[in-house]
Amino acid sequence: MSYVAIKGGTEAIRASKDFFHARLQAEDGLAEKAIIKGLCFSCDRVMGEGALYTEKLAAEAIRKSGGDLLEAAFYVRAHRSTCQRIGSVKPIQTDTVHLLRRISSAFKDISGGQVLGPSCDYVIRLFSSLRSNQENQARDFEDGQHETDSLAASALHSLREDDRIVVLENTEAAPFDVTRAFPLPPYPRSALMQVMARGETGAMLAFAYTSMRGYGDVHPTIGDLRLGTAELRFPHPFTGKETKIGTIRITACETVGTFHPDPKDGRLRLAVGFGFCFGFNETKAIAMSILDLAMHHQGYSVGGQSIAAQPEMIIHHVDAIESMGFANHFKLPHYVTFQAHQQVFNKAKANDDKEEDNE
Amino acid sequence: MTRKRIMSNSVTFGFFDEDAKKEIRRAMLKAVALPGYIVPFASREMPIARGWGTGGLQVTLSLITEEDTLKVIDQGCDGSVNAVNIRDFIVSVTGVDETEVTPDATIIQTRHRVPEYPLTKGQTLVYQVPYPEVLTTVEPDTAKQKQMHANVDYAKLWVLLYEDTSQFGDSRISSRYPVQINNHFVMDPSPIPKFDIPKLHNNPALQLFGAGREKRIYAIPPYTEVKPLKFADRDFAIEDFAGRCCERCGAADVFLDEVHHEDGTHFFCSDTYHCDSRRQEVADAA
Amino acid sequence: MKEHDLERANRKNFRNSLEAMARPGEIQPITPLFGSGLLAMASVLLYAEVSCFYQGNLDFELIRAICGARTACREMADYLFFDSPDPAELAEVKTGTAESPEQGATLLFDCSYPGHEETKVRLSGPGIDGTKKITLPVTAIFLARLAEKNESFPMGIDLFFIDRNNMLFGLPRTTRIEVIQ
């Protein structure tokens, strides 16, 4: 499928696209329901990085992109650009989330219990099972178990009540919206949180990992990690009355870092970071909470200035759509700039060779 | 030739919503009032990937009307894969006429070249930009960059120019050569070759620059002074092709593409419309 | 009520306003909205993330509400609209900062009132081929105040004027204005 550099682009593009789609054709096709259920974590990741809550379109995007999750998130993000903004829902309080799973590493037991919920944490990752057929038979979980009535306050609630946790001062009148305005330094915390909430899991994991490994002094403990369903409440445009307009599945994580003098009054308190995303994605929420800790509790750094602690590093480099797009843009023709580059090189070399000869 | 196609009914004119367009339009108006200054904007995601022209696309889609005639080129070529893709997309969401004939176009979206055919008052040139910030190479920190522009402090660029000149006889910068606009802001002209830099100066057309991923819009108003950064005792050296001509049309004063075939190295006009029209002239004269 | 394709009107009017700002001295036609060029320009410029100021006689509220723009005091407003070009209106508006000069306000003056004064000027600067002599629908005092406001480039304000024929003039802060007799 070579394209002639001089002309002839249209036919080549059309053929290339047809070829791509032809390769993706499975005999039975991939049913939307199969993707939403069987590839649920892929869908959740795509919703989170695409920054639009839609299981249907996330599944469709995964199908169209052949399972390339960066491409799929891109589809969702582009679709988001066509959606009109009607307004904002009321902020979700995480202790009103109907819990499917909630754990705390900080305490052995907590009020409401350590609810493991559905988790692969303890799965032995072997392709062939050594267990007998009987053990292999999956237990029958009712389908409706996605919604529970289980509510619980944060496991860090009592520490907060005792005023042992730093509460960062909020100087912003309203949350910053990076999709509506471009953030400039000093970056508001809400802008950083928003960029991370819709950030790419791998990128955030890598940066958080640098902090964990010592390029930074954060030794975190998960205070409260929860997966569940949150209600969205929207004020009616005419009556102003709050109406429930739907529910979304979410992941939220509070991570406890080290202690330091609280800028508010100099008293020692514990630093806590917060991570949040659409759908179920524990890795991302944990990574986000560590980055939040590193960026907003900088004054106590033992490991020195690190990437994870710099808002300038995080805000520009965790968006999947941007980094993926730019990385791949290098495939576009660059023969004019390369020609220009060769000319500069040739002249510099001629200059260099001349000087060599003169010596 | 000029072609017309029908806009698909299910889409908002220009793909994205009115509020998005208004924010971009605000940025464009301020950009024109602040020649060479990079104005921040929110930047919507497009169905075309970041890094592939979403900035130029957002500028074009926010300024285009039903009456426009659109030309899109990449590396000077209308038929280049990316130019075709972008042009198709714009036409599908606007229904505008499209053309390859440079003088017939009212909006020209370009990647990495300025058309050889001189532009006129009725035209707007929209550049696709990967790096809007001219200081990127010498200072990557956003806060420091803003401060340097505020103070018209381009010392770090001059130091780079000096170091390159003393080591290599000239700047190592091949495309994206820094230019000073209206004797104030220094700007990145996008990855056009130095050959095209003189065309920026005092141009009758409006020149707009869109960087989608980096979220900046900037402008050179018509009839504005544009000077490449250079030392007083040095010439601004543009690319030269050692007296070669285009093998298709014979042009000697244009930027040439170097193409390697089995039978050897050939040189052709980078600007394909210019080449076609010269060949037509030659044919008509015969 | 007559149907208005607001978006279509906005894009045509925006394009002309961009030309007006890019080529100071070359006036451009504006299609009025509800009989007013000022309201048509408000519809072009205003949206949810910007603020506006207007204390004149037109029914501005409908347009403002449709666009979703906030109101603000004159020191903070991004866009200010006036029924006449009173030099005093220039005093308190914001000029942005050296680091963020794009925050400087945009002002739009309706100059269609009968018996308005005019000043002959010679314009030069970006957007103008050499120099251009035109007649601006404002007083020399207005122009003096404007020059003071814009003396610390890149900070400054950018202006539009609309005359009685709904023709739009643009004056970016880069334009040098010389009053001639």
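## Chains A, B and C: a quick briefing

Let's start in chain B, where strand 12 (residues 256-261) and strand 13 (residues 264-269) pair in the antiparallel sense over six bridges. Strands here are DSSP runs of E with at least two residues, helices are runs of H or I with at least four residues, and both are numbered from the N terminus; two strands count as paired if DSSP finds at least two bridges between them. This is a predicted model, in which local features need pLDDT of at least 70 and side-chain atom pairs count only at pLDDT 80 or more, while totals for chains, interfaces and linings use all residues. Residues are numbered from 1 along each chain as its sequence is written, chains are lettered from A and ligands numbered from 1 in the order in which they are written.

**Chain B: the hairpin and the overall build**

- Strand 12 and strand 13 of chain B make a hairpin, with two residues between them.
- Within that pairing, H261(B) has G264(B) in strand 13 as its bridge partner.
- Overall, chain B has seven helices and 13 strands.
- The C-alpha trace of chain B spans about 55 × 55 × 35 Å along its principal axes.
- The radius of gyration of chain B is 19 Å, which agrees with the value near 19 Å for a compact globule of 286 residues. That radius is taken over C-alpha atoms, and the globule rule is 2.2 Å times the number of residues to the power 0.38.

**Chain B: two helices that cross**

- Helix 1 (residues 18-33) and helix 2 (residues 54-63) of chain B pack at an angle of about 100 degrees, with their axes 9 Å apart. Axes are lines fitted to C-alpha atoms, for helices over the stretch in contact, and angles run from 0 to 180 degrees between N-to-C directions.
- Helix 1 and helix 2 of chain B are therefore roughly perpendicular to each other (the label covers 65 to 115 degrees; under 35 is roughly parallel, over 145 roughly antiparallel, and the rest oblique).
- On the helix 1 side, K21(B), I24(B), R25(B) and M28(B) meet Q58(B), V59(B), S62(B) and L63(B) of helix 2. Contact means that the C-beta atoms of two residues, placed from the backbone, lie within 7 Å.
- By class, this helix-helix contact in chain B has four nonpolar, two polar and two charged residues. Nonpolar covers Ala, Val, Leu, Ile, Met, Phe, Trp, Tyr, Cys and Pro; charged covers Asp, Glu, Lys and Arg; the others, Gly among them, are polar.

**Domains in chains B and A**

- Chain B splits into domain 1 (2-135 + 175-228) and domain 2 (240-286), with bounds that come from an automatic or database domain assignment.
- The C-alpha centres of the two chain B domains are 26 Å apart.
- In chain B, 14 residues of domain 1 are in contact with seven residues of domain 2; the domain 1 side has six nonpolar, four polar and four charged residues.
- Chain A is divided into domain 1 (9-81) and domain 2 (94-131 + 144-324), and their C-alpha centres lie 27 Å apart.
- The chain A domain contact takes 13 residues from domain 1 and 13 residues from domain 2.
- On the domain 1 side in chain A, helix 3 (40-50) and helix 5 (69-81) are the elements that give two or more residues, and helix 3 gives the most, with seven residues.
- That domain 1 side of chain A has eight nonpolar, one polar and four charged residues.

**Where the chains meet**

- The contact between chains A and B takes 44 residues from chain A and 49 residues from chain B.
- Helix 1 (9-24), helix 5, helix 12 (320-329) and helix 13 (335-358) of chain A each supply at least two residues to the side touching chain B; the largest share, 12 residues, comes from helix 13.
- The side of chain A that touches chain B divides into 20 nonpolar, 15 polar and nine charged residues.
- Over in chain C, 29 residues are in contact with 28 residues of chain B.
- Helix 1 (residues 6-22) of chain C gives the most to the side touching chain B, with nine residues, and that side divides into 14 nonpolar, four polar and 11 charged residues.

**The chain C sheet**

- Chain C has an open sheet of three strands in the order 7-6-10, with antiparallel pairing.
- Strand 7 (131-136) and strand 10 (176-179) of chain C each have a single partner strand, so one side of each is left without a neighbour in the sheet.
- Neighbouring strands of this sheet are turned by 35 degrees against each other on average, direction ignored.
- Helix 4 (residues 140-149) of chain C packs on the sheet and touches strand 6 and strand 10; its direction makes about 145 degrees with that of strand 10.
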